[in-house]
Amino acid sequence: MLAMIAAVSGNAFAQSSTYQVRLEQMHCGGCSGRVKQALTAVDGVQEVKTDLEKRIATISYDASKTSGDKLLSLLKTTTKFTEAYAYNPDEVIERKAIF
């Protein structure tokens with residue numbers, strides 16, 4: 001019982017942070033799955049949500065175990081998403097039509 005209380009109280013003090021990444025090359029459910037798989041394998045990542053329309057991944061993580069910059073670097077080096085950068089919701093992004 002005491003171990004269970006310690007585990008719960010330890011999680012209560014975790015520094016939870018959120019980081020958003022824009023992934024220009026994420027265009028389908030397979031891409032979304034690869035992003036989630038790569039990020040959830042990282043110690044400290046708690047949740048990954050993807051938005052295919054906006055091409056954004058929102059990552060919730062424990063800031064004492066990893067950082068947004070580390071997660072961004074991981075995506076650029078271990079997946080095909082080389083055009084990944086921190087997302088700023090106030091930034092206007094122009095999309096080029098591909099025909």
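1. Arg 22 is buried, at 4% relative accessibility (buried is under 20% relative accessible area, exposed over 50%, partly exposed in between, with a 1.4 Å probe and protein chains only). Its side chain meets that of Glu 24 in a salt bridge, 2.9 Å from N to O (a side-chain nitrogen of Lys or Arg within 4 Å of a carboxyl oxygen of Asp or Glu).

2. The model is predicted: local features need pLDDT of at least 70, side-chain atom pairs count only at pLDDT 80 or more, and totals for chains, interfaces and linings use all residues. Residues are numbered from 1 along each chain as its sequence is written, and side-chain values use heavy atoms, without hydrogens and water.

3. Glu 24 also forms a salt bridge with Arg 55, at 3.9 Å, N to O. Glu 24 sits in the loop between β1 (16-23) and α2, and Arg 55 in the loop between β2 (45-51) and β3 (56-62), 31 residues apart (helices, H or I of at least four residues, and strands, E of at least two, are DSSP runs numbered from the N terminus). Arg 55 is partly exposed, at 22% relative accessible area.

4. Lys 65 and Asp 43 pair through their side chains at 4.0 Å, N to O. Lys 65 lies in the loop between β3 and α3 and Asp 43 in the loop between α2 and β2, so the bridge ties together parts 22 residues apart in sequence. Lys 65 is partly exposed, with a relative accessible area of 47%; Asp 43 is exposed, at 55% relative accessibility.

5. Shared partners join Arg 22, Glu 24 and Arg 55 into one network of salt bridges. The whole structure holds three salt bridges.
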